Every structure is written in C-alpha cells, then in structure tokens.
Amino acid sequence: MSTPPQPQPKRGIVKQVLSGDSVIIRGVPKGGPPPEKQINLSNITAPKLARRAIGNSEETKDEPYAWEAREFLRKKIIGEDVLFTVEKPPNTTREYGVIYIGKDIATAENLTETLISEGLVSVRREGVRAGPELQRLIELEDAAKSAGKGKWATSGAQEHIRDIKWSVDNPRNFVDKCGGKPIAAVIEHVRDGSTIRAFLTPDFYHITLMISGIRCPGFKLNAEGKPDPNAVVPYSEEAKFFVESRLLQRDVEIVLESVNNNNFVGSIIHPKGNIAEALLQEGFAHCVDWSIAFMKTGADKLRAAEKIAKEAKKRIWENYQPNTTQISGKEKEFSGTVFEVVNGDALVVKLADGSLKKVFLASIRPPRPSDEKPGEPLPPRVKGSRPLYDIPWMFEAREFLRKKLIGKRVNVVVDYIQAAKDNFPEKTGCTITIGGVNVAEAMVSKGLATVVRYRQDDDQRSSHYDELLAAEMKAAKSGSGVHSKKNIPNHRVADVSGDVPKAKQFLPFLQRAARTEALVEFVASGSRLRLYIAKETCLVTFLLAGISCPRGSRPGPNGVHMEGEAFGEEALIFTKDKCLQREVEIHVESMDKAGNFIGWLWVDGTNLSVALVEEGYATIHFSAERSEYFRSLKAAEDSAKAKKLRRWKDYVEEDEEEEKKQEEDRVLERNIDYQDVVITEATQELHFYAQSVKEGPKLETLMAKIEQEFSANPPLAGAYNPKRGDICAAKFPHDNLWYRARVEKVSGPNVTVFYIDYGNREIINVTSCASLPSSFTNDKPYQDLKKFTSNDDQLDEFFINIFSRVNASQGLIYFTKKILVLFHSNAAVEQSFSVNKECMVENLHEDDSLIAQRVSYDAVTAAGGLLNMTISKKIIHAVRNTSGIRKKALENKRKIEVDLSQKRKTAS
C-alpha cells in the first residue's frame, strides 16, 4: 500500500486560539476582512475549557490545565505568521493539521510536539492511522508522564481549574471598588468595533466592555438576537476586523469608568497605542458625548483624531460637510472687561476700543423652568413675572457670574457663531476664562448650568465640551444646584417700583437706616436706577438726590420714541460703567408721587451724585442746598466749570456771577411763615417734636374718644399680637392712658412703640398694646419732626428762634444758655460758634462760676489729663487765669450775699 502524499504547507496569521488544540488562522487582508479557517491540531486532545450557560445549555467548569494549555498556545502564536498543513478526513466537517513556527517547515517548531512535551495535551491513540509521526508523539507523551509535567503531575490538579464569574452582581459598586485603576485583562471576543468581551485577571471576571468615548458601526440583529448576514451596515465588518487584528486575545489593561445597561464602560490601555484613537483617526468611529464624559484623560485626543478623519473625509465621514464658520485672527481670541451679566449664560464684554460685545458661554444652558420641555418653544411670559427670581437657581447662576466676573478682565475664545434663525439674533458661543479657570466649567460643576446635547454631525460646540460633560456628571453625582431634589431656592421679591402704597410701607424702614446695601440691577439713565435691596427683599426705582441729570433717548407712551437730552447717553454710560450690577450703599431721604425713592448712592465709597457733577454730566439741584453733601457737590461743580467739562464747555464766569446775584435777591425776598406750636418731645440728636396749637382741639377730641372707647370696651390682655410697623393703641406708662402708637420693635414680651401724636418712645409690655379701631386710624399724626442740621443752622440761633416762636419760660431759656456755655466752652472767643449778641451778653454776665470752671477743665484736658500733666508756662498761665476768674466770681457772690443780708436786717 502506498503512503498518501504529504499536504503542502500554507502560510497564515493566527487570529485566535480557541483552546489548547484549536486555532483560527486568517489570510492577509486585501481590500477588506480576509478569509479565515479553524485548524484542529491532529492526533491530540486538549482539556476542555469552561462554558457559560447559554439558552438551554448548562454551565461547565474547566478541566484541569485547560486554561494553561490555551494560554501556552495563545502567548506563543497569537498574531504571528505561521506555517500550517491542513487535511480533512472523510465523514467530518472539521479540518485537522499541524502548525509550525518558523519560515522553513524542515527547521520550524512543531506546536503539536511542543504541547505534548509540556504535558498540556493527550495523544489520541485510538481511531488514528499508525505511523512514525504517531509513534514519536507517543514517545513524547511517555516522557512527559515520566517527568510529571503539566496534567501528568501526581497532585494539585484542582488548583488548575478557574473560578469564573460569568456576571457581576452590582456593576456600579464594582466600578467604584476598582477606583479607576488599570486591571489586567485578556480580550476574548470582539462583538463590534467598539464593544468587546474580556476576562479580568487574576479573578476571572467575565465582562462586556463598551469603549469609552466612541461608537463604531454595529451589526443589525435578527429575531434570534444574532447578527443578520443579509443586513449590511457600511464599515461594520471593517471596524470589527481592525480591532480583532490588534486586540483579540492580547494582554491589555482595562480602566472601568462607568456602567450602561449592565455593560461596563471603560478605556483599553495597550502598549502600542489607544485603540479608540486609532479607530477615530481611520474613520471607523465617531465620538460619543455621553461616554466620553466618563474618561479621566485623553478626551481631547479623541476629538482631535475625529477631526483628522473628518477633514480627510475617511470612511464614515466620506460625505461630511462642516457646518461651522471659519474664525481666525483677532476675531477668534480677544480679551476684555466684563461690563454686564445678562443672565446665566450671556455676558457683555467691553473691548479695548470701548465698544461692547455680547457673547454667550458655549454649550451650556442656564437654569430653566421645571415644566419646560426640551426642544419645544418657550411659553409666553406671564405679565409681572420675573424669571431672574422666579426660576429656581437662575438668581444663583447670575450671582455666581456677577461676583466672579463683573468689572474683571477675561480672555475670550470664540468657538462658533450660530446664525440668526426663528427671530433669534446671531449668537457667538465662546469659552471664557479668568485666571486660567473655564467659567462655563465652573458653573456646570456647581450645578448652576447644564450642558447642551448636540447631534453627532453638529460641530458648533465648545472647544472644551468634554470637560463640561465631565463637570456635569460630577455635579449630578453630588446633587449640586439644579441636580438637587431638595433645598430648592425660592426668592419672594416685592416689586415696589411704581406701586405707591407698597413704597410707603417700605419708606420708613429705609429712611431710618443710616446706609442700606443694595445691588444695581438696571440703569435707566444717569440718575435713575433699579435696585434690589436684599435686606428688605424688594426691587425699587431709585433717583439720585441733589442733581439734575440729562436723560438719554427712550421709548415713550404709545410707542413714540423720545429724543434724548444733550449728554444724556454719555451720563447713562458713565453710571453703567460705575455701578451696573455692583454692590452699592444707599440712603433714602424721600419718595416722589410715583413711588420712586430719592436719596444718595455710594459705589466703592464714591458718592455717585458728586461724581456725575464732577464729570460735568449733571448740575446741582436746588434741593441739594439743604443737604449735608452740598459743599461736596458745589466743589465738584466748580471743578467741572473750571475744566469746562461737557455741560460747562461754553461756561463763562460772568454769567455765573449774575445768576448768583439773582439767586441772592430771591433769597432775600423769601417769606418766613411763623406758626404757634407746642414742643412735646426732644431727643439727644437735637430733634424735637411739636404740635400745632391750631390742631390742639382736634387732638383733645380724638384722645377723649379713644379713652371712652377703651373704657367701654377694655381689650383682652394678650389678644393682640403686635408686629413691626403696625399702628396700634398703646398705654403710656406714666399716666396709664391709651394713645395711638406705631410698633417699632418686638423683643419677646417687650415692645418698643412710637407715640405718633406726641413723638416720644417707650418700651412697654406686650399686654399694654391693643388693636386700634379703624375709626381712629384716619387722622394724620398731630406731631411734626423738626431737625437741627449743622451745615445750615447755628445752635444758639436755632434755639433762640424756637423760643421766640413759642411761649417758652424764662427758666427754660436761662437753662439752655447755660448748657450752650458748658458745651462750647468760652462762647465769647469760640471762633467756630457764631453766638448772637443776646447769648454773648448773657455769657459774659454769668452770676455763677460756670465759665471759670469750664476754662479749668479745658486747661487740664489740653495738658493730657490729671495723670499726665506737666507744669509749663502754658498751664501756669491757664491756672492763674482760672484762679482769677474764680476769685472774682466768688467775691461778687459774697458781695451780693452781704448786700442781701444788710437789706434783710434793714427791713426787719
């Protein structure tokens, strides 16, 4: 019988090692994935690997050394160019052969013999053709048995069986447990270009992994859940082969980053490069926003690789057309100062040339109403609504930007320009940084904005889009801002502008405060602003006191456009530049008939009224003459006139002198209206309250009715709960009678009340307060507050004028003059105190030693006090002078006493 001819060796590349005796070999690719075939090694049997339960089949365990046999073969030949012979026995579908490592079959390594020598496989002795090749294999097996190699070892077989975890019970916890550290793995299967299965070693967790940041064309599945061979998806086979040829059964490291539908999401680390980046650069994949956000590093490289494929129009990008406008030069990047924060994603930046440019933070969306649906148009705004305060987190987002950016210099990089559409203007999306910090990313990380999701082919997005996605993921995980399900902010803000009754309620509180902190929300003109007062949680219209400022052009009634006054626009810009969206301090003095508050405003310590006058934008209003800031305003106006700034560019000094003379003439003609009053209360601040004598009978009638009412219907103690600002009835502790009063403060059981008809204040128990019947609330208070102002009044003249208008007793006048002498020392020589002749004469003819005592006190004080006194010529002179005055006063006093004594004796 003749020997059958030996099969001719072929060449191929090992694609996959299925087991210790089964290998898949592929050809060289030519225009697509190459053909492949499975080769079963002839005459040997390897231990069987474990199989997971699929369908009706049950899970099986490894036979001892099955994994070692597979791994020995994998590490030796995977991806290698090998020689192999193949033959197909009759009555079987399998192909058997021998694989050689080397270029020449005569000298190449026979893998079958190597596996037998290592004791990893068994020789099949039955049902095979005998011959010298089989005899050699048997001899090698016997040698391995004698040496106790591999599976022929006498003990420890159970240690070579894997404990495979085919599924992970809690994938999310598993990811957290891994902590982003690389895990050794072997890629077992490539489902498509971006999805693989792998064993995590050494614990043998079997996982399905979706590669972070990318997506390749996949396969359409049939009804059984298997790839449908009739459904062709462009580049799906090519992408799969691209990954198989580089990763299948290679040793890699995997970083688990997240979970999606029980599949893990992560990155594959290979010594020869990043497979995701390679797939993108070759046009086999596109970036996926939702998973790229999980990547700790490398997202920018993926975007760059995708951009290369797009520009080259490779494979899936063959029909790609860019939809972004090319921006270069100064338009691409510039710097400026933040002039205004429009809302949570828009800013107005002032450029170097003074022009203003509105820009938007690219790829983020500010907080929106909870009932708003994405993709649908915004509902019409309800009249009276204030989105800044009504929408949760909108105010916080605006405040974050305002506090960080307003008035600060920032760097702006234009990412895209969105064309105007649907009645919306052109939109410039930018990345804005300050001190190296991406403002949009900072907002998103605090939960004050969300990231816009785009179509895959839409390139109009932030250049730092991936960082925004990562920041949003962190904010959502921590429940920050808009991602929080509790502690949602609610701003109840009262809009007082134009509402006279409301304005009257707030006016007393604002007047009493020395200075109130406020935020400038809007500037309507140089002297007209809209303020948010956080302390009172209200919005007010505020007019600057003491000046007349021109107004710019503005819309008028019935849609008529009103022309602006000269320098009105310039004054508006000046005020905006100074205080728009800045924190200021205000002092409210009064209110106009429209419910607008009038007062003074300071920004960074500068009086805005004075600043406008100093720059020549405004003039002094006559009402400023009564103000303590009149001198500052006058100095500012004189400076502007001297420099001939703006309104004063044509100013001539002669005209001013003529105007001043006319003004003096008008002052001389001023009529003084004296009224008879009764002083009911005086305060330490030199304020006093007075009642008109004419109104006396009305007040007496009102008090009688109140007393009659409360005598007939005494209030129940504790029935009334006083609140600050209430007009109530209150007992006066000194006469135990009921009077009208206003509640100023409530502290537990104690209530501070102001008796509105008399001007005095008391702290009384809450049981001494009662509800005031409505019939007694219509009458206005019968007292009026009078003030002494140091800029306008001389103290002595102030009191002498009062005493001349009221029926003051001589004792009160005498006592007041003594107080003035004590307060002002020697009034006759005090240059800063303009005493009138009457007071001066009275001071010089004192019948007591008050002046002498005051001179002594002043001398000791000037010397530094009793403990620090040094004897000098000055102090000696002062003491002599004091001593002389005192002696003279005492001599006069004794002389008077002697004269009186003699007169009594003579009379007796």
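Rings of Phe, Tyr and Trp, the last taken by its six-membered ring, pair if their centres lie within 6.5 Å. In this predicted model, ring pairs link Trp67, Trp166, Phe199 and Phe204 into a cluster. The structure holds 23 aromatic pairs.

The chain has 908 residues, of which 41% are buried. Its secondary structure comes to 23 helices and 42 strands. Among contacts with a separation of 6 or more, 61% join residues 24 or more positions apart.

Strand S37 spans residues 727–732, and strand S38 spans residues 737–747. Six bridges join the two. Within this pairing, alanine 730 has tyrosine 739 in S38 as its bridge partner. S37 and S38 form a hairpin, with four residues between the strands. Asparagine 736 sits in the turn and has a positive phi of about 60 degrees.

S38 also pairs with strand S39 (residues 750–755). Here too the strands run antiparallel, joined by six bridges. Lysine 745 stands opposite threonine 752 in S39. A hairpin is again formed, this time with two residues between the strands. Its turn holds glycine 748, with a positive phi of about 65 degrees.

S37 pairs with S41 as well, over two bridges and in the antiparallel sense. Alanine 729 has alanine 770 in S41 as its bridge partner.

Phenylalanine 732 and tyrosine 755 form an edge-to-face pair, 5.4 Å centre to centre, with 90 degrees between the planes. Phenylalanine 732 lies in S37 and tyrosine 755 in S39, so the pair ties together parts that are 23 residues apart in sequence. Both phenylalanine 732 and tyrosine 755 are buried. Tyrosine 739 and tyrosine 758 form another edge-to-face pair. Their rings are 5.5 Å apart centre to centre, and the planes stand at 85 degrees. This pair links distant parts of the chain, 19 residues apart. Tyrosine 739 is in S38, whereas tyrosine 758 is in the loop between S39 and S40 (761–765). Tyrosine 739 has a relative accessible area of 14% and is therefore buried, since buried means under 20%. Tyrosine 758, at 24% relative accessibility, counts as partly exposed.

Helix H16 covers residues 630–643. At 1.5 Å a residue, its 14 residues should span 20 Å. The end C-alpha atoms are 20 Å apart, which agrees. Leu633, Ala636, Glu637, Ala640 and Lys641 are buried in H16. Seen down the helix axis, the buried residues of H16 fall within an arc of 135 degrees, so they line one face of the helix. An α-helix has 3.6 residues a turn, so residues three or four places apart point the same way. Arg631, Ala642 and Lys643 are exposed on the other side of H16.

Lysine 644 follows H16 and lies in the loop between H16 and helix H17 (653–668). Its phi is near 55 degrees, a positive value in a residue other than glycine. Lysine 644 is partly exposed, at 46% relative accessibility. Arginine 646 is found in the loop between H16 and H17. Arginine 646 is not a glycine either, yet has a positive phi of about 45 degrees. With a relative accessible area of 29%, arginine 646 is also partly exposed.

Arginine 70 lies in helix H1 (residues 66–77). At 2% relative accessibility, arginine 70 counts as buried. Its side chain makes a polar contact of 3.0 Å with the side chain of glutamate 71. Setting aside residues up to four places away in sequence, arginine 70 touches Val17, Leu18, Ser19, Gly20, Leu49, Val186, Glu188 and Gln249.

A cis peptide bond runs from threonine 201 to proline 202, with omega near 5 degrees. Proline 202 is in the loop between strand S10 (195–200) and strand S11 (205–211).

Technical notes. Residues numbered from 1 in each chain as written. Predicted model: local features only at pLDDT ≥ 70, side-chain atom pairs only at ≥ 80, totals over all residues. Heavy atoms only, no water. Pairing = 2+ DSSP bridges. Buried < 20%, exposed > 50% of the residue type's maximum accessible area, 1.4 Å probe, protein only. Polar contact = N/O pair within 3.5 Å; in protein donor to acceptor, adjacent residues only side chain to side chain. Contact = heavy atoms within 4.5 Å. Expected span 1.5 Å × (residues − 1). Arc of directions from axis to C-beta. Phe/Tyr/Trp six-rings, centres within 6.5 Å; stacked < 30°, edge-to-face > 60°.
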